[in-house]
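Q: Can you walk me through this fold? Start with the rings, then go to the strands and helices.

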Amino acid sequence: MEEYLSNKQEPGVEVFVGGVPGGASQVELRDLFEAAVPGVVVKVALMKQFAFIHLRDKAAAERAIQKLNGHLLHCHRVVVEFSPPRPTHTVKTFVGNVSATCTSGELRILFQEFGPVIECHIVKGAWG
């Protein structure tokens with residue numbers, strides 16, 4: 001496994017999308033947000049039932065939240081809101097080349113040896 005620490009912030013503003021149905025794809029979420037607020041989507045990170053969408057600025061994030069909170073996606077209402085800030089004195093750690101069979105629980109246990117793990121997510125194909 002390859003890992004590195006990143007202290008840099010993602011560009012723009014991050015919104016949280018909750019209640020994402022299993023059949024939804026990263027491309028579908030990008031298209032949904034691009035239709036609501038054209039030209040401002042920077043990155044989409046899709047997990048199992050939630051996603052983080054990085055938008056260019058706060059005004060774009062506010063418009064996206066207003067237009068898409070409660071939107072029906074595959075017959076499920078999604079929650080779109082500003083992403084809660086990360087707790088202070090924490091760092092994100094990237095771990096690459098994780099096996100497709102590895103779970104976030106297994107990864108959490110591996111890293112707890114070095115200190116408390118606040119969040120642990122496996123993101124597949126979300127960068128780009």
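**Aromatic pairs and packing**

A: The structure holds 4 aromatic pairs (Phe, Tyr and Trp rings, the latter by its six-membered ring, with centres within 6.5 Å; planes under 30 degrees apart are stacked, over 60 edge-to-face, the rest tilted). This is a predicted model, where local features need pLDDT of at least 70, side-chain atom pairs count only at pLDDT 80 or more, and totals for chains, interfaces and linings use all residues. Residues are numbered from 1 along each chain as its sequence is written, and side-chain values use heavy atoms, with hydrogens and water left out.

Q: What is the geometry of Phe50 and Phe52?
A: Edge-to-face, with 5.8 Å centre to centre and 80° between the planes. Ring pairs link Phe16, Phe50 and Phe52 into a cluster.

Q: Is Phe52 buried or exposed?
A: Phe52 has a relative accessible area of 12%, so it is buried (under 20%; exposed is over 50%, partly exposed in between, with a 1.4 Å probe and protein chains only).

Q: Strands now. How does strand 2 pair with strand 4?
A: Strand 2 (residues 13-18) and strand 4 (residues 50-55) are antiparallel, with 6 bridges (pairing takes at least two DSSP bridges; strands are DSSP E runs of at least two residues, helices H or I runs of at least four, numbered from the N terminus). Gly18 has Phe50 as its bridge partner in strand 4.

Q: And which residues of helix 1 and helix 2 meet?
A: Leu32, Phe33 and Ala36 in helix 1 meet Ala64, Lys67 and Leu68 in helix 2 (contact is heavy atoms within 4.5 Å).
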